[in-house]
Amino acid sequence: MPEVTECRHDWRRDEIVALFNTPFMDLMFQAQSVHRQHFNPNEVQVSTLCSIKTGACPEDCAYCPQSARYDTGLEKEQLMKVQAVVDEAKAAKEAGATRFCMGAAWRSPKNRDMPYVTDMVRQVKALGLETCMTLGMLKDEQAQELADAGLDYYNHNLDTSPEYYGEIITTRTYQDRLETLDRVRKSGMKICAGGIVGMGENDTDRAGLLQQLSNLPQHPESVPINMLVRVAGTPLAENEDLDPFDFIRTIAVARILMPKSYVRLSAGREDMNDEMQAMAFLAGANSIFYGEKLLTTPNPKANKDMQLFERLNLQPEKFETENDDEAEQANIEHAIREQENKAYFYDATQTAVGQ
C-alpha cells in the first residue's frame, strides 16, 4: 500500500486506484487507523437537511428528481417562509441534530433570493446550530453575503470524476463547480463537497472524484458520499444496484485521502441495512443525515438511527454555541419584519427552465 502522509494534496490517480484495489481487510484497517488519529471513533456528527425550495430546477442532473426536465411526480413547492425554516430547525435540534442544512433546487440563487436565505442563516444560527446551505452556483458577492450572515458550510458536490461528468450533467461544467468551491473558500466559509456512487461509473471514476476533492488546496471540511437513489422518471432509474463493498471502499479511501474531514453517509442510507452502515462507520464515516427525508428521497427514521447508535455504542457528536447579543437582536428584528410583512415569500416555482 502507498505510504500515507497527513493531508496530502498531490495524490496521483494510480495511487488512489491502488487503494481501491487493496485487499478489503487491509483497507478497512488502514482507514480505521487513520480515522482514530483525528476523531473519536465512537462519535458521529448528526445533521438534518431541509428542502427550502423544492422542484422546478432547470439543470439536467441525471440522478435528480427535482429537475424540471424529468417527470418524477414530484410536487413543486415555493420558497419556504423564514419562520417555517426556523421551526424545522428547532425540531431538528430537539431531535439531536447539531447542524441544519438548507437546500434549494436552483441553478443559482438570484439577487432577490439573497435577503431571504441570509435571514434563514441568521435565525437558524441563533438557535445554536451549525448552518449549511446548498443553493447551486454562487457569484463572488453572493458567497460573501452568505459568509457575512454567518453561514458555516456551503455544500456544492462535484458528483463524479471529470471524465464521467458529461454522462451525468450537461447544463453546467465541472469547472463551474470548482469555481463555486473556490468562491466559497475565499469568502471564509467551510466547504461541504462530495459525490455520488452507483451512477454507472467505475473504480477509476471514483478515484477521480476523490482525487479532485483531496487535491484541493484545502480539503473540504465535510465530504458527503451518496449512494444513488434510483427515482422513477430520471435517466438513472434503471441502473444496476451498487455492490455494497464498492460503497464501503469509497468511504474508506475518502477517509485515508482526507484524514481530517468529516465523511458523511448521505443519500442512499434507506437502502443500507444496519450491518452495512456499521461497516461504513468502521471505514471512517463519522457524519450522517438524520431524519425521515433527505431533500426529496427517503432517509431512515430518526428513532431507527438512534437504535443503531445504541447497538453500536455510538454517541452523537456535541456542538454547542451561545446566542450573543447580535443574534438576539436579529431575532427581534426578524419578528418585527414578520409582523410588517405577512407575504414574506414569493412563488419560486414560477422560474422558467434555462433561467
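Which residues are buried in helix H9 (residues 274-282)? Let's start there.

## Helix H9

Asp274, Met276, Gln277, Ala280 and Phe281 are the buried ones; buried means under 20% relative accessible area, with a 1.4 Å probe and protein chains only. Helices here are DSSP runs of H or I with at least four residues, and strands are runs of E with at least two, numbered from the N terminus. Looking down the axis of H9, the buried residues sit within an arc of 165°, so they line one face of the helix. That arc comes from the directions from the helix axis to the C-beta atoms. Just past H9, Gly284 has a positive phi of about 120°.

## About the model

This is a predicted model, where local features need pLDDT of at least 70 and side-chain atom pairs count only at pLDDT 80 or more, while totals for chains, interfaces and linings use all residues. Residues are numbered from 1 along each chain as its sequence is written, and side-chain values use heavy atoms, leaving out hydrogens and water.

## Strand S2

Now for strand S2 (residues 99-104): six of its six residues are buried, so it's largely enclosed by the rest of the structure. Arg99, Cys101 and Gly103 point one way, while Phe100, Met102 and Ala104 point the other way.

S2 has partners, too (strands pair if DSSP finds at least two bridges between them). Six bridges join it to strand S1 (residues 43-53), running parallel, and Cys50 stands opposite Met102. Another five bridges link S2 to strand S3 (residues 130-134), also parallel, with Cys101 opposite Cys132.

Definitions and conventions: Buried < 20%, exposed > 50% of the residue type's maximum accessible area, 1.4 Å probe, protein only.
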